[in-house]
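These are my notebook entries on a single chain. I looked things up element by element and wrote them down in that order.

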Amino acid sequence: MRPHRPLLAGLGVAALLIAGSVVSTPARVGAAVECNVKIGSKDEPAGPPWEQKRLNVRQVWPISDGSGVLVAVIDSGFNTEGTQLSKIHLRPGVNVSGVFGPTDTRDCVYHGTAVTGIIAAPMTEGKYFAGIAPGVQIMPIKEQQADQQQDTNHIAEAILEAVKAHVNVINISITTPVPTPDLEQAVAAAAAADIVIVAAGGNDGSSSNLPAYPAAYSTTYPNVLAVSMTDQDDGVSGISTRGSYIDIAAPGKGVELPMPKNTYLGNQEGTSFAAPIVTGTVALVRSAHRKLTAAQVVSRIEATADAPPGLTVPSAEYGYGIVNPYLAVTAVRNDAASPPPVARPAAIPAVPPPPPTDRHLQHLALGVGVALLGLAVLAGLVSAIIRRGSWFGGVHTPAPPPPARD
């Protein structure tokens, strides 16, 4: 589906960024580490958020709700405090951040919790908000601690933990502007394990607009979906990073986030929050179409996206368009007939000349026909001779004398 286009490598200082509306700052050396859970500023929205009405994802749940799919969320952890969040199907997670213990996945910010809720929050009585794929199972992988980002890039380590756990989808709403060998090797390992990676495309569209990794590996690995964000008018947000690596767009500007302790955070912006919408869609597809490979799932989601307004695809802003969860699940198409493009098609051999026609039967029929014609002519001649006498001076029998008179 996607023709992978050339990509300029990002330049600048290596750093990890949360791809939401909050930019992380380095941790102070020797600073005490605390985990003060943050909550939202508002109660349940008065109605379904605009992004959920735009996607109308509930119409696909009778067909697929993501059941049987395991999603790894590589982020700041997950907080289960709340009526809705506590009902998300969880598998024990892993902490690779280097802070707290290796199995302590508490979310000391809110970012990972919000991302997880967008993917998997179940329908709950009295709640308008719901995740894209409420039937999925979530494995939280804590890659960072609070809003004080560690100096070490743990994304590669987190991806390898997801590969070891045999997940089906990985959501990565964290970005770095500089690719590293270990990060690419981890992405390659996920590709070999048939895992779809959904990655935030970055929030540098109004400044440097440098490629964001691991999203930018979509130009190399067909299992990676790089996501930009749209607003209520289906326009791409001004801060959403543009580039040849962008594959798909999803709502991400002015969105509602589920927060701990039954609270919400409104009017948020970031490709962080567009990526989990696509992750949920991938889970819906993988649940409904179990035999599809990761590359085929990516191709299906790209092929069924809503066309962007006034643009041809793929574009640097939208990729192949705005994700459409219902069509991604229900479209009738032969995914197996659209494998990833190969580097060079095999040469088509020359068509050999046709073998000479066997005319033996034709000659035999002609001979028989001539023989039969000759026999017919001969039979005619014999008949004429019998009636009229001999030709060429043959014996002539005289006529008998007339009878005598009385």
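Which residues are buried in helix 6? I found Ala294, Ala295, Gln296, Val297, Val298, Ser299, Arg300, Ile301 and Glu302 to be buried, where buried means under 20% relative accessible area, exposed over 50% and partly exposed in between, with a 1.4 Å probe and protein chains only. Helices (H or I, at least four residues) and strands (E, at least two) are DSSP runs, numbered from the N terminus.

**Entry: the model**

I am working from a predicted model, in which local features need pLDDT of at least 70 and side-chain atom pairs count only at pLDDT 80 or more, while totals for chains, interfaces and linings use all residues. Residues are numbered from 1 along each chain as its sequence is written, and side-chain values use heavy atoms, with hydrogens and water left out.

I noted pLDDT, the predictor's confidence in each residue from 0 to 100. Its mean over the chain is 81, and 73% of the residues reach 70 or more. I marked residues 339–354, where pLDDT stays under 50 and the model has two contacts beyond four places in sequence; contact means heavy atoms within 4.5 Å. I also marked residues 384–406, where pLDDT stays under 50 and there are two contacts beyond four places in sequence. Where pLDDT is low, the predicted coordinates should not be read in detail.

Of its 406 residues, 50% count as buried. Taking contacts between residues at least 6 apart in sequence, I noted that 78% join residues at least 24 apart.

**Entry: helix 6 and its cover**

Helix 6 spans residues 294–303, and nine of its ten residues are buried, so the helix is largely enclosed by the rest of the structure. I then looked up what covers these buried residues: the list includes strand 10 (196–200), strand 11 (224–230), strand 12 (248–251), helix 5 (271–288) and helix 7 (325–330).

Axes are lines fitted to C-alpha atoms, for helices over the stretch in contact, and angles run from 0 to 180 degrees between N-to-C directions. The crossing is right-handed; a crossing is left-handed if the near helix is turned anticlockwise from the far one by less than a right angle, and right-handed if clockwise. On the helix 5 side I listed Thr281, Val282, Val285 and Arg286, and on the helix 6 side Ala294, Val297, Arg300 and Ile301. By class this contact has five nonpolar, one polar and two charged residues. Ala, Val, Leu, Ile, Met, Phe, Trp, Tyr, Cys and Pro count as nonpolar, Asp, Glu, Lys and Arg as charged, and the others, Gly among them, as polar.

**Entry: helix 2**

Helix 5 also meets helix 2 (residues 111–120): their axes come within 8 Å and cross at roughly 35°. I recorded this crossing as right-handed. His111, Val115, Ile118 and Ile119 of helix 2 meet Ser272, Phe273, Pro276, Ile277, Thr279 and Gly280 of helix 5. The contact has six nonpolar, four polar and no charged residues.

Ten of the ten residues of helix 2 are buried, so this helix is largely enclosed by the rest of the structure. I picked out glycine 112, which lies in helix 2 and has a relative accessible area of 0%. Leaving aside neighbours within four places in sequence, glycine 112 is in contact with Asp75, Ser76, Gly77 and Asp107. I also looked up the C-alpha separation of glycine 112 and isoleucine 141, which is 9.2 Å at 29 residues apart along the chain.

**Entry: from helix 2 to strand 6**

Threonine 124 sits in the loop between helix 2 and strand 6. At 6% relative accessibility, threonine 124 counts as buried. Its contacts, not counting residues up to four places away in sequence, are Thr83, Gln84 and Lys87.

In strand 6 (residues 137–142), I found five of the six residues buried. Which strands did I find paired with it? Two strands pair if DSSP finds at least two bridges between them.

- Strand 3 (residues 70–75) pairs with strand 6 in the parallel sense over six bridges, and isoleucine 74 has isoleucine 141 as its bridge partner.
- Strand 4 (residues 89–90) runs parallel to strand 6 and is joined to it by two bridges; leucine 90 stands opposite isoleucine 138.
- Strand 5 (residues 94–95) is likewise parallel to strand 6, with two bridges, and asparagine 95 stands opposite lysine 142.
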